[in-house]
Amino acid sequence: MKKIIITVISLLLTSSLYAGDKTQQAKLSSDMRNMLEAVVNIQRAGFYNNKEGIKNAAQILINNLDSLIETDASTYLPDSKANAGKFAKKRAKMIKMYAEDLVLAIDGDNFDDSLEDYNQILKQCTSCHSRIRERKWK
């Protein structure tokens, strides 16, 4: 009887940990979609010289970085990409830094710096995604 109880408890614990990983992945996927939308909205607002739109989209981008920083990448990355998790966390910190600087540049009416910050945000996103993806560019 004790073996059955221990086995059932082990199965429940394992399944709850697995469900936690799936929940974590779902949140990360949702946040990634939100970050993509924020980046697009920064560009869209920039085309129309909408400073508040840029600042709002930058804040949405910053707000959605937490799950990227907190997610254990080993739960969804292949073993060959294990170090990409550390790289992703560093990219998230850099995106936050550039997004905050973007807001400061917009507040200071410095278009050149804001454009450079936006370009750096795109570079951070692209560098991470190109490392994580298995498919190669053709």
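The loop between α1 (2-47) and α2 (51-63) contains Asn 49, with helices (H or I, at least four residues) taken as DSSP runs and numbered from the N terminus. The model is predicted, so that local features need pLDDT of at least 70 and side-chain atom pairs count only at pLDDT 80 or more, while totals for chains, interfaces and linings use all residues. Residues are numbered from 1 along each chain as its sequence is written, and side-chain values use heavy atoms, with hydrogens and water left out.

Asn 49 has a phi near 55 degrees, a positive value in a residue other than glycine, and is exposed at a relative accessible area of 61% (buried means under 20%, exposed over 50% and partly exposed in between, with a 1.4 Å probe and protein chains only). In the loop between α4 (84-107) and α5 (111-132) lies Asp 109, a residue other than glycine whose phi is likewise positive, near 55 degrees; Asp 109 is exposed, with a relative accessible area of 55%.

## A negative surface patch

Glu 100, Asp 101, Asp 112, Asp 113 and Glu 116 form a negative surface patch, where patch residues have over 30% relative accessible area and no salt bridge, and like charges are joined within 9 Å. A salt bridge here is a side-chain nitrogen of Lys or Arg within 4 Å of a carboxyl oxygen of Asp or Glu.

Helices α4 and α5 each supply at least two residues of this patch, and the largest share, 3 residues, comes from α5. Glu 116 is found in helix α5 and is partly exposed, with a relative accessible area of 39%.

How values were computed: Patch = residues over 30% accessible without salt bridge, like charges linked within 9 Å, V, L, I, M, F, W, Y side chains within 5 Å. Areas by Shrake-Rupley, 256 points an atom, 1.4 Å probe, with all protein chains shown as cover. Lys, Arg positive; Asp, Glu negative; His and termini not counted. Charge placed at Lys NZ, Arg CZ, Asp CG, Glu CD.
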